[in-house]
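Here is a short briefing to read with the structure open beside you. Take it one topic at a time, and look each item up as you go.

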Amino acid sequence: MSTNRSEVYPDARHVLPALPYDRGALQSVISGKTVDLHYGKHHRGYVDKLNQLVIGTEYSGESLERIVTLTAGRPQSVEIYSCAAQAWNHAFYWKSLRPNGGGLPPFELRQRIDAAFGSFDACKRAFTAAAVSQFGSGWAWLVLDGDRLAVTKTSNADVPWTAGMKPLLTIDVWEHAYYVDYENRRSEYVDAVLDKLINWEFALQNIG
Ligand code: MN3
């Protein structure tokens with residue numbers, strides 16, 4: 001008997017994960033309108049498109065992570081790769097935020113931050129610099145690179161784990177993440193996310 005998941009579960013579909021909070025819960029920084037568009041249209045669109053694209057392919061029934069890993073760097077699979085990676089990135093982004101977030105990281109994380117960056121302020125400056133300097137669409141990340149915390153950025157749909165880095169937090173810097181609320185002022189959005197929404201507890205959980 002085959003254990004191929006696509007045969008066992010022929011109707012397996014990627015699903016849009018529920019938002020971890022109410023649509024208006026981030027409104028001190030990100031409006032409900034932006035969440036409606038970003039989660040309800042963009043994130044949902046990546047999931048829906050992926051489900052269409054994988055029908056009848058070798059990727060049908062595979063997890064998002066597997067699809068990203070299998071298609072990364074394959075020009076013939078760029079559309080599937082982009083939708084899968086964006087579906088993964090957005091699920092991770094919503095968890096990287098929380099109402100009444102920001103502030104100081106938990107003590108254990110602050111020790112790791114001090115060791116890697118010298119200070120919490122230096123870490124925030126590095127995170128902001130990565131987010132603001134990403135040319136065009138992409139993502140800024142706090143990652144584990146080996147056993148050391150680092151900040152990095154990726155273009156378009158790219159994830160850090162195909163380069164061997166473990167993601168701890170992310171900030172979406174595609175224009176659709178902030179343009180309705182901040183127009184072209186990306187740095188204002190990034191500063192506000194870091195001060196009021198970023199979920200340092202989630203980063204600590206991800207260190208594992
Ligand atoms: Mn986005």
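The notes below cover a sheet, the helices on it, one tryptophan and the cysteines. Please keep in mind that this is a predicted model.

**The sheet**
- Three strands form an open sheet in the order β2-β1-β3, and their pairing is antiparallel.
- The edges are β2 (148–155) and β3 (166–172), each of which pairs on one side only.
- From one strand to the next, the twist averages 25 degrees.
- Strands β1 and β3 run antiparallel and are joined by six bridges.
- If you want a place to start looking, leucine 142 has leucine 169 in β3 as its bridge partner.

**Helices on the sheet**
- Helix α4 (residues 78–96) packs on the sheet and touches β1 and β3, with its direction at about 85 degrees to that of β3.
- Helix α5 (residues 107–117) lies across β1 and β2, and runs at about 75 degrees to β2.

**Tryptophan 141**
- You will find tryptophan 141 in strand β1 (residues 138–145).
- Tryptophan 141 counts as buried because its relative accessibility is 0%, under the 20% cut-off.
- Its side chain makes a polar contact of 2.9 Å with the side chain of threonine 154.
- Lysine 124 is 17 residues away from tryptophan 141 along the chain, and their C-alpha atoms are 11 Å apart.

**Cysteines**
- Cysteine 83 is buried, at 8% relative accessible area.
- Cysteine 123 is buried too, with a relative accessible area of 0%.

Key
Residues numbered from 1 in each chain as written. Predicted model: local features only at pLDDT ≥ 70, side-chain atom pairs only at ≥ 80, totals over all residues. Heavy atoms only, no water. Helix = DSSP H or I, 4+ residues; strand = E, 2+ residues; numbered from the N terminus. Buried < 20%, exposed > 50% of the residue type's maximum accessible area, 1.4 Å probe, protein only. Polar contact = N/O pair within 3.5 Å; in protein donor to acceptor, adjacent residues only side chain to side chain. Pairing = 2+ DSSP bridges. Axes fitted to C-alpha atoms, helices over the stretch in contact; angles between N-to-C directions. Contact = heavy atoms within 4.5 Å.
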